[in-house]
Amino acid sequence: MMAAPRWVAIDGGQSGLRLVAGPEPASGAGPGFSYRGGDPVGAVARAVRAAAADAGLTGPVDVACLGLTGNPTDPDDSQRLAAAVGGALDATEVRLCEDMVTAHAGALPSRQGVVVAAGSGVVCLGVGADAAIHKVDGGGYLFGDVGSGFAIGRAGVRAVLAARDGRGRPTTLTARAENFYGGVRNLAVRLASSDALVAEVAGFAIDVFAAAAHDPVAAAIVADAAAGLAHSIVVTVRRLSRTEPVTVAYTGSLFQAGEIFLGPIRSRLAEVVPTATFVPAAGTPLDGAKLLAQGSLGPYARLVRVYRPEPLPIVSTMDSLPFPAGSLVVSCQAWYGNPLHGPESMALMAAAAAAGGALGVRANGPSDVAAIRSTVDLPIIGINKLGDPGGVYITPTVAAAAEVVRAGASMVAIDGTDRPRPDGSTLADQISGIHNELGVQVMADVDSLAAGIAARQAGADLIATTLSGYTGGPVPDDPDVELVAALVDRLDCPVLAEGRYWTPDQVRAAITAGAYAVIVGTAVTNPMAITTRLLKAMQ
């Protein structure tokens, strides 16, 4: 007996991403979408991986359907997202659409009528009996989303700031904002600079609704939002029909406010478009994604992009590396307080290393990588040291890796230990994300044989001994050549020696132990440390 096709359905909004799978039930959650989060494709892919990990989901998957706020409009970005999702879920087919599509599919079993989806944002989608499609609003928090949670929260914050400096009437929203935001001093600046701007502003809508029953300022905000949203619904209904009955289904967290919001909308629709019937949605956007993952697309076919992504080929053979066996790779890094700190100095250091015969460079941060890339024609192992130096510090996330790849890194080195990453992902998640989203090889910096074996099993293309001696206890004086030999003996991928290599004899010992290449930093590129070492020898 054949097993039922395995499917995954995802609803991704600005407040969070939800995942369900079947036929064996599983569910998980990930972070929401932000228009200010840098690369949107990478952000959505990371959220999908987080939700899949939360659900304990492992592939393969036949079909994954994603209804997304911020669904890519550019075909190349859409294809890149499909490849990333396909890789993250081991999915044969990926279906991508805006969340208004899955909201409509979940809300209206007949697949005809209007759905109004209102949460942090707002969109209306009408589908006619002739499969005609009409979208109204959904323009985002800057230029649209009239009557949305963001619009209500923003109006509430504006009222608070106006009352504070005397431009507006006193309002009980001030006390609520003090409690919700931990004070209103510099609130506008704090919100404007927040990476979670939409969610933080929309969250205040709950307080606006709560105050509207007794506060005229809040009541006016809610009434204005209801009128704006009702107008969008009216426009959508009239585009479908001015004479025939039209079902309007409402869905989304904003309608949980109840009759204080629903009542004015219902009254306005009854007055202006009496042929419309205003009803709660039959199901959620996630229910709609489930339906579209398991069945035909029907009238939504024009709104859904379908991909059967091929895995990106990441080959982990010695022949695929950008520098040959026996290479010397020079690490060009200088920290704050070092007179050589800065991209220009590091570019000159890389040029000097290249002139001396180095066949590769290791560099930290997008600025240094970009400067070195414009100066020398050598492969660059990019790292991005961020966060806590006592934890996962070397390229801790996929986003950190993306910065140095975009700057010109040929491959990425990351912390290859099993220590927790700041975004909650696993080592395997991070390596898979870099492979699928960035298409470059990953070098795992490890501190032990066990870590090297685990990193290779997690998908690392090559292993380096960079962290040996640096994850606990006193730092040894000499390089860990024994670890190089042990890794070479156990692994089927290149092993690079790095960490405390000072002399020609030590470099030769690493190559003799089987190292594919040796990375040397301080002994070549840090005159301060070299001088200190020589002075100590004289004492």
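Trainee: Are Tyr181 and Phe204 buried or exposed?
Mentor: Both Tyr181 and Phe204 are buried (under 20% relative accessible area; exposed is over 50%, partly exposed in between; 1.4 Å probe, protein chains only). Keep in mind that this is a predicted model, where local features need pLDDT of at least 70, side-chain atom pairs count only at pLDDT 80 or more, and totals for chains, interfaces and linings use all residues. Residues are numbered from 1 along each chain as its sequence is written, and side-chain values use heavy atoms, with hydrogens and water left out.

Trainee: How many aromatic pairs are there?
Mentor: You describe such a pair by the distance of the ring centres and the angle of the planes. Rings of Phe, Tyr and Trp (its six-membered ring) pair with centres within 6.5 Å; planes under 30 degrees apart are stacked, over 60 edge-to-face, the rest tilted. That gives 9 aromatic pairs here. Take Phe180 and Tyr181: their ring centres are 4.7 Å apart and the planes stand at 90°, so you call this pair edge-to-face. Phe180 is partly exposed at 37% relative accessible area, while Tyr181 is buried at 12%. Tyr181 also pairs with Phe204, with centres 5.6 Å apart and planes at 45°, so that pair is tilted.

Trainee: Where do Tyr181 and Phe204 sit in the chain?
Mentor: Tyr181 belongs to helix H6 (residues 173-181), and Phe204 to the loop between helix H8 (197-202) and helix H9 (205-211). The two are 23 residues apart, so to speak a link between distant parts of the chain. Helices (H or I, at least four residues) and strands (E, at least two) are DSSP runs, numbered from the N terminus.

Trainee: Which residues do ring pairs link into a cluster?
Mentor: Look for Phe209, Tyr250, Phe255, Phe261 and Phe278.

Trainee: What is the strand order in the open sheet?
Mentor: Strands of a sheet pair through backbone hydrogen bonds, either parallel or antiparallel. DSSP must find at least two bridges between two strands. This open sheet has 5 strands with mixed pairing, in the order E8-E7-E6-E9-E10. At its edges are strand E8 (133-137) and strand E10 (276-280); each has a single partner strand, so one side of each lacks a neighbour in the sheet.

Trainee: In which sense do E6 and E9 pair?
Mentor: Strand E6 (residues 113-118) and strand E9 (residues 246-251) pair in the parallel sense, over 4 bridges. Find Val114 and you'll see Val248 of E9 opposite.

Trainee: Where is Ser331?
Mentor: Ser331 is in strand E12 (residues 327-332), and is buried, with a relative accessible area of 5%. Leaving aside neighbours within four places in sequence, Ser331 is in contact (heavy atoms within 4.5 Å) with Arg362, Ile519, Val520, Gly521 and Thr525.
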